[in-house]
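Please open the model in your viewer and keep the sequence panel beside it.

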Amino acid sequence: SVASTDGLTANFAVKATGDSGWWDFGDGSELVPFDPAQPTVAHTYTKPGSYSAKLIVRNFLLDENDRSVTVDLSAPAASPN
């Protein structure tokens, strides 16, 4: 999964295939079900920082596979006056 960020929102491009699974965004929020029909997933974090987001997917044999991506959300830079 590749993450692009916009402020505190991270957009994950889903490269995994699976029948079911869930997202763990690494910030203590609830797990979000994985939807194989959804090519991207967005998650908004509450504060800047570095997070390890994980996608856990299962195939029809219930084999689990997980992929992690580090999301680095730096504090927004102060705009120059």
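How many aromatic pairs does the count come to? The model is a predicted one, and in it the count comes to four aromatic pairs.

**Stop 1: an aromatic cluster**

Select Phe12 and Trp23 together and show their side chains; the two rings form an aromatic pair that is tilted, with 5.3 Å from centre to centre and 40° between the planes. This pair links distant parts of the chain, since Phe12 lies in strand S2 and Trp23 in strand S3, eleven residues apart. Both Phe12 and Trp23 are buried.

A pair of aromatic rings is described by the distance of the centres and the angle of the planes. With the three residues Phe12, Trp23 and Phe25 on screen, you are looking at one aromatic cluster.

Is Trp23 buried or exposed? Trp23 counts as buried because its relative accessibility is 1%, and buried means under 20%. Phe25 is also buried, with a relative accessible area of 1%.

**Stop 2**

Leaving aside residues up to four places away in sequence, Tyr45 touches Leu8, Ala10, Phe12, Phe25, Asp27, Tyr51, Ala53, Val71 and Leu73.

**Stop 3: a polar contact at His43**

Move on to His43, which is found in strand S5 (residues 40–44). What does the side chain of His43 make a polar contact with? The partner is the side chain of Asp27, at 2.9 Å. His43 counts as buried because its relative accessible area is 12%, where buried means under 20%. Not counting residues up to four places away in sequence, His43 touches Leu8, Thr9, Ala10, Phe12, Phe25, Asp27 and Ser29.

**Stop 4: an open sheet**

Switch to a cartoon view and select S3, S4, S6 and S7, which make up an open sheet of four strands in the order S4-S3-S6-S7, with antiparallel pairing. Strands of a sheet pair through backbone hydrogen bonds, either parallel or antiparallel. Which are the edge strands of this sheet? They are strand S4 (32–33) and S7, each of which pairs on one side only.

Follow strand S3 (residues 20–24) towards S4, and you will find that two bridges join these strands, which run antiparallel. Here Trp23 stands opposite Val32 in S4, while the bridge partner of Trp22 in S4 is Pro33. Then follow S3 towards S6, where the pairing is in the antiparallel sense and extends over five bridges; at one place in this pairing, Ser20 stands opposite Arg58 in S6.

While S3 is still selected, colour its two faces in turn. Gly21 and Trp23 belong to the covered face, whereas Ser20, Trp22 and Asp24 belong to the uncovered one.

**Stop 5: a loop residue**

Select Leu62, whose place is in the loop between S6 and S7. The phi of Leu62 is near 65°, a positive value in a residue other than glycine. Leu62 counts as exposed because its relative accessibility is 60%, and exposed means over 50%.

**Stop 6: the whole chain**

Finally, clear the selection and view the whole protein chain, which has zero helices and seven strands, so that reading along the sequence gives the pattern β-β-β-β-β-β-β. Of the 81 residues in the protein chain, 25% are buried. Among contacts between residues at least 6 apart in sequence, 53% join residues at least 24 apart. If you display the surface, the accessible area of the protein chain comes to about 5300 Å², of which 51% belongs to carbon and sulfur atoms.

Technical notes. Residues are numbered from 1 along each chain as its sequence is written. This is a predicted model: local features need pLDDT of at least 70, side-chain atom pairs count only at pLDDT 80 or more; totals for chains, interfaces and linings use all residues. Side-chain values use heavy atoms; hydrogens and water are left out. Contact means heavy atoms within 4.5 Å. Buried means under 20% relative accessible area, exposed over 50%, partly exposed in between (1.4 Å probe, protein chains only). A polar contact is a pair of N or O atoms within 3.5 Å; within protein, one must be able to donate a hydrogen and the other to accept it, and residues adjacent in sequence count only if both atoms are side-chain atoms. Two strands pair if DSSP finds at least two bridges between them. Rings of Phe, Tyr and Trp (its six-membered ring) pair if their centres lie within 6.5 Å; planes under 30 degrees apart count as stacked, over 60 as edge-to-face and the rest as tilted. Accessible areas come from the Shrake-Rupley method with a 1.4 Å probe; for residues, only the protein chains shown count as cover.
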